[in-house]
Amino acid sequence: MLFDQDATFYAQQLKAREVTVSELVERALENIKRLNPKLNAVVHVQREDALTKARLFDEKISSLNDRELKELPFFFGVPILLKDLGQDEANQPSTSGAKLLGSHVAQSTDHFVQKVLDAGFIVVGRTNTPEFGFKNTSDAEFTGPVNSPLGSHLNPGGSSGGAAAALKAGMVPIVTASDGGGSIRIPASFNGLIGLKPTRGRTPVGPNGYRGWQGASIHFALTKSVRDTWNLLKVMQVEQYDAPFVLPLIEENELESLNRSLTLAYSLESPIGESVSEEAKKAVRIAVEKLRALGHTVEEKTPKADGIKAMQTYYKVNGVETAAMMEGIEASMKRPATVEDMEPMSWALYRSGLNISGVEYSNVLAFWDQLTADMEAFFEKYDAVLLPSTNGPAFTHDKFKKSKAFIEKLKKIDDFGKEEQQQLIWEMFDDSLAYTPFTQQQNLTGQPAISLPLYENEKGLPIGTQIWTKKGAEVLLLQIAKQLEEAGDLNTKIVEIE
């Protein structure tokens with residue numbers, strides 16, 4: 001039986017003793033067994049661990065009175081899938097979609113995952129990602145491509161593609177995800193889901209790395225309802241003083257309805273100067289109409305920023321952070337990595353990162369700081385800005401496939417000078433970036449953004465609308481989403497796979 005309701009629904013069912021934890025976990029495991037051969041969304045199943053934990057949870061519930069039951073963690077007993085990228089659980093595989101880590105088993109549990117466990121979830125498995133999460137297509141050579149529930153010829157996006165496919169297909173009621181350049185919001189757009197990228201510092205980091213691409217990357221989830229997003233945000237948020245980025249806790253206990261009219265901006269321009277599809281424009285215009293109907297003022301205004309430079313700096317950070325990651329991997333392997341150890345894209349990022357100087361890296365971070373200051377100033381006039389989440393609906397698996405000649409260049413990237421390397425990196429992403437250019441700047445600024453499923457094209461394929469606002473204002477984003485949801489404008493229904 002598929003999970004056609006949100007996680008909050010099942011959490012409430014458990015506390016009302018209308019269903020057992022074992023029943024929900026067994027349902028999730030059966031869904032994975034039946035659907036995963038068609039989707040390849042899940043790369044590891046924690047069957048015995050999940051069933052054992054479910055039985056213990058049921059025993060716990062049976063020993064409590066109704067008052068004690070309500071005091072259990074909010075999501076106590078709800079099955080969940082973790083993204084197999086940077087979300088380690090002790091004694092479980094953690095491969096990041098990479099052949100290099102194909103036999104890697106986590107030795108400790110990340111703070112983020114521990115928070116998921118503390119919230120009461122039962123992990124039933126791990127979801128598929130592109131190698132090291134570097135791109136917007138989930139097609140790792142090691143774990144294989146993920147098929148979209150909306151059509152097996154379509155990719156659900158990346159890097160949280162396996163998570164999105166599993167949730168949209170109803171395998172589980174909720175999934176974790178992460179976002180370093182749109183990896184929550186892009187799959188949300190392609191699959192008709194809600195994808196919130198929280199403010200930098202909102203969710204736990206460490207102990208195996210605290211900065212996450214210098215704060216550009218953050219862990220959270222994909223959901224099917226605004227209340228799930230809100231309830232999860234409340235239980236996952238931290239004020240973490242051992243972390244480099246600290247954020248005050250959200251004080252609100254409930255997600256109250258908006259009691260004022262907002263002044264919103266919207267933009268139909270690509271931040272890198274590429275053309276924007278008519279479908280993507282239509283998705284935003286429809287969102288604008290809906291928000292105006294709700295009483296908000298919405299005007300066309302594009303934030304001024306050097307989008308090309310933003311992406312150039314983003315790729316440099318990716319390269320340096322990949323080189324740092326590879327240093328640790330090589331130390332554990334006790335040998336240098338070779339071009340045969342990884343996909344050409346990963347190899348090219350790794351090798352190019354070795355040539356970025358400390359001075360250049362410092363200047364990159366200074367640019368990010370200024371970009372943040374400029375956007376915070378923009379939000380002094382506008383409560384939020386609307387953008388497309390993606391430049392169209394889900395694409396076919398081979399849409400961004402590179403030529404053999406270009407792949408050979410990537411493999412031989414050491415033969416090129418630093419500037420030529422950076423040009424190759426740009427060309428490596430150019431066509432895929434043109435399709436998803438709207439989601440990276442929010443990672444550089446650390447500000448929150450959410451993708452909402454407000455539009456479907458004539459073929460029934462969704463294109464999300466992204467709403468972006470100032471740091472710490474996730475509540476505002478969710479209040480807007482709640483208004484739209486209550487108006488019946490969000491479509492997050494699961495898709496039943498034949």
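Predicted model: local features only at pLDDT ≥ 70, side-chain atom pairs only at ≥ 80, totals over all residues.
Mentor: Residues are numbered from 1 along each chain as its sequence is written, and side-chain values use heavy atoms, with hydrogens and water left out.

Trainee: Why is N318 called buried?

Mentor: Buried means under 20% relative accessible area, exposed over 50%, and partly exposed in between, with a 1.4 Å probe and protein chains only; N318 has 2% relative accessibility, so it counts as buried.

Trainee: Where does N318 sit, and which residues does N318 touch?

Mentor: N318 lies in helix α10, residues 307–333, where a helix is a DSSP run (H or I) of at least four residues, numbered from the N terminus. Leaving aside residues up to four places away in sequence, N318 touches W213 and L349, contact being heavy atoms within 4.5 Å.

Trainee: What makes helix α6 largely enclosed by the rest of the structure?

Mentor: Eight of the eight residues of α6, residues 161–168, are buried, and therefore the helix is largely enclosed. Among the buried residues are G161, L167 and K168, and the elements that the buried residues of α6 pack against include α2 (21–39) and α7 (185–191).

Trainee: What follows α6?

Mentor: After α6 comes G170, whose phi is positive, near 80 degrees.

Definitions and conventions:
Helix = DSSP H or I, 4+ residues; strand = E, 2+ residues; numbered from the N terminus.
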